[in-house]
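Reader: Could we go through this model together before I set anything up? I'd like to take a few residues one by one and then look at the overall picture.

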Amino acid sequence: MGGIRVNPWLLAAIVAVVVIAVVIKRMNGEPVNAKDLFVAPAILIGIGILSLIKKTDLTGTDLTWVITCAIVGAALGALRGATVQLVDKGGVLWQRYTGRTFLTVIGTLAVTAGFSVLAVKMGMHENARSIQLSIGVSFLGESLMIGRRGMTSGIPFAPARTR
């Protein structure tokens, strides 16, 4: 069973482009709509899961740490989502990354790196880590927090853009 083989550098470039695009859009401010909140996390989580499925040497320990790291990543993403500025602009909800958001990013990167080192020291194989999955669940945690905060704000979400 052959399957599709993707060059790891191409995959890294795709992930980098998605992450950079999301960050730039949110630095400048953008309307909040459900589709935009969840498309990037879904893509990254999908790529991460596919990369794990292709690995044939994963152990129960590896999967336990992958799941634990994903839960920690989602929680840290939610923490980051709590720092995103939400405002009413033109009658719809807008979001914008703030200085506090970037300070939180630095802190969460340090925690994530430390947790990854701990996981490897506790028996997780180095090749069992999926950067795409980690980034995806972090963005998912952020999106869930922004979505919850947006829903409680009373400001309507922006309609999905049509292209």
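Reader: Let's start with Glu 30: does that residue count as buried or exposed, and why?

Author: Glu 30 counts as buried because its relative accessibility is 6%, where buried means under 20% relative accessible area, exposed means over 50%, and partly exposed lies in between, with a 1.4 Å probe and protein chains only. Before going further, please keep in mind that this is a predicted model, in which local features need pLDDT of at least 70 and side-chain atom pairs count only at pLDDT 80 or more, while totals for chains, interfaces and linings use all residues. Residues are numbered from 1 along each chain as its sequence is written, and side-chain values use heavy atoms, with hydrogens and water left out.

Reader: Which element is Glu 30 in, and what does Glu 30 touch?

Author: Glu 30 belongs to strand E1, residues 30–31; helices (H or I, at least four residues) and strands (E, at least two) are DSSP runs numbered from the N terminus. Not counting residues up to four places away in sequence, Glu 30 touches Lys 25, Leu 93, Trp 94 and Gln 95, with contact taken as heavy atoms within 4.5 Å. As for Lys 89, 59 residues away along the chain, its C-alpha atom is separated from that of Glu 30 by 9.6 Å.

Reader: What about Phe 38, buried or partly exposed?

Author: Phe 38 counts as partly exposed because its relative accessibility is 31%. Phe 38 lies in helix H2, residues 34–53, and, with neighbours within four places in sequence set aside, it is in contact with Leu 140, Ser 143 and Leu 144.

Reader: Zooming out, how many helices and strands does the protein have, and in what pattern?

Author: The protein has five helices and three strands, and read along the sequence they follow the pattern α-β-α-α-β-β-α-α. Of the contacts with a separation of 6 or more, 83% are accounted for by residues 24 or more positions apart.

Reader: What radius of gyration does it have, against what a compact globule would have?

Author: The protein has 17 Å, which agrees with the value near 15 Å that a compact globule of 163 residues would have; the radius is taken over C-alpha atoms, and the globule rule is 2.2 Å times the number of residues to the power 0.38. Of those 163 residues, 38% count as buried.
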